[in-house]
Amino acid sequence: MSNLRLINETTATSIASISVTDVFTTDFNIYKIVTNQKGISSETSIEGRFINTSGSIITSSNYDYARQMLKSFTSFGEDRSTNQTRFRSFGEAGTQGASSVSYVFNPMDSSSYTFFLNQNSGSPSGGNFNMKGIAVLKLATQVAGINFFPDNGNAFTSFDCKIYGLRVDS
Amino acid sequence: MGLVQVATNTVTSAVAQVDLVGITTDDVYMVTISGVKLASDQDLNFRVLKSSSPDTTYNYDGASKVLRTDTTFSNSGYVNNDSWFMDFIGNGVDETGNGILYLFNFNNSSEYSFATQEGVAVDDSNPTLKGRTGGVVHTVASASNGIRFFGLSSVNISAGSFTLYKVI
């Protein structure tokens, strides 16, 4: 049996925010997240926030992130910020969508920050827009889920998310 | 994609290094590290193991982009080093290192060994979010059966989980 365990698959359409709750447990320390936005009503970045064990989205200004942006249509760029209310990004989505692969580290460890690694590829109107990014939630608290939302408040046309746990057998 | 666990090591008291051994095929292997703490602010580095012994010769090259929140991103390139750089890690309560490596050609005695690396950590008393994304190569055509993690300047590893998987 593979040590890469599919533990959640979420599909949604025509929705402005998607929450996957109670998916991170003490059974795993590392999670792999694969997202695929098949379309969005208006071009935007897909952002993220974590969800606590009570099911509430963590919106406090405790997110730091840094992302290298690789674009086919203009110069590469970088973006870094601290003490934000969300982290970015799961891709710069256009009508053709965007896809990403991410890892979340130690979300249920109440003595550790929650860390995040990501790479993604999107196709807004300008061309191919890719990112490699890192983020941290600077709260030593248990994180049980994740929330996805478009930066501009518009709706996902179609969204699919698979979350895997990386099992460690002692 | 599937993963088969080959080796794992969870550090609960300070150690000088962590070895992951068990690369015996030409498959791609994956290494995860999580919750790694060092005894003081320092780099976490890694090397290949040949017959379970570290190769400390100056044959390690790497190139990566360093993402960070405190200043402009930087390019990190090095040749003929005696190890590879993984993460910058602090020693504060909440400062840990995490990352993913994919290992290629480690078992092949006629090819160089390569790895891709993605890391994310908090270091320094600031604290600062930092991470590397890039790749490394061991410029020796030889077989390696594992990988060793250690803190630079003989700084001990005080916590963390390290796991080696075979990708199937």
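Predicted model: local features only at pLDDT ≥ 70, side-chain atom pairs only at ≥ 80, totals over all residues.
Local features are reported at pLDDT of at least 70 and side-chain atom pairs only at pLDDT 80 or more, whereas totals for chains, interfaces and linings use all residues. Residues are numbered from 1 along each chain as its sequence is written, with chains lettered from A and ligands numbered from 1 in the order in which they are written.

**View 1. Chain A contains 0 helices and 12 strands.** Helices (H or I, at least four residues) and strands (E, at least two) are DSSP runs, numbered from the N terminus. The radius of gyration of chain A is 15 Å, close to the 15 Å that the globule rule gives for 170 residues, so the chain is as compact as a globular protein of that length. This radius is taken over C-alpha atoms, and the globule rule is 2.2 Å times the number of residues to the power 0.38. Along the principal axes, the C-alpha atoms of chain A fill a box of roughly 45 × 35 × 30 Å. Of the 170 residues, 46% count as buried; a residue is buried if 20 or more other C-beta atoms lie within 10 Å of its own, exposed if 12 or fewer, and partly exposed in between, with C-beta atoms placed from the backbone.

**View 2. Phe148(A) lies in strand S11 (residues 143–150) of chain A.** Phe148(A) is buried, with 23 other C-beta atoms within 10 Å. Not counting residues up to four places away in sequence, Phe148(A) touches Ile18(A), Thr35(A), Ile46(A), Gly48(A), Phe90(A) and Phe159(A); contact requires C-beta atoms, placed from the backbone, to lie within 7 Å. Arg86(A) is 62 residues from Phe148(A) in sequence, with a C-alpha to C-alpha distance of 9.8 Å.

**View 3. Chain A and chain B meet through 29 residues from chain A and 27 residues from chain B.** On the side of chain A that touches chain B, two or more residues come from each of strands S5 (63–71), S6 (77–84), S8 (98–105), S9 (114–122) and S10 (129–137). S6(A) gives the most, with 4 residues. This side of chain A divides into 14 nonpolar, 9 polar and 6 charged residues. Here Ala, Val, Leu, Ile, Met, Phe, Trp, Tyr, Cys and Pro count as nonpolar, Asp, Glu, Lys and Arg as charged, and the others, Gly among them, as polar.

**View 4. An open, antiparallel sheet of 8 strands in chain B has the order S1-S13-S3-S9-S10-S11-S6-S7.** Strands S1 (3–11) and S7 (74–81) of chain B stand at the edges, each with a single partner strand, so one side of each is left without a neighbour in the sheet. Pairing requires at least two DSSP bridges between two strands. Within this chain, S10 (residues 113–123) and S11 (residues 128–138) pair in the antiparallel sense over 9 bridges, and Gln117(B) stands opposite Gly134(B) in S11(B).

**View 5. The largest nonpolar core has 81 residues.** Such a core is a set of buried Ala, Val, Leu, Ile, Met, Phe, Trp, Tyr and Cys residues joined through C-beta atoms within 7 Å. The members that touch the most others are Tyr31(A), Phe116(A), Ile134(A), Val136(A), Tyr29(B), Val31(B) and Phe149(B). Leaving aside neighbours within four places in sequence, Tyr31(A) is in contact with Phe24(A), Tyr103(A), Val104(A), Pro107(A), Ile163(A), Tyr164(A) and Gly165(A).

Notes:
Contact = placed C-beta atoms within 7 Å.
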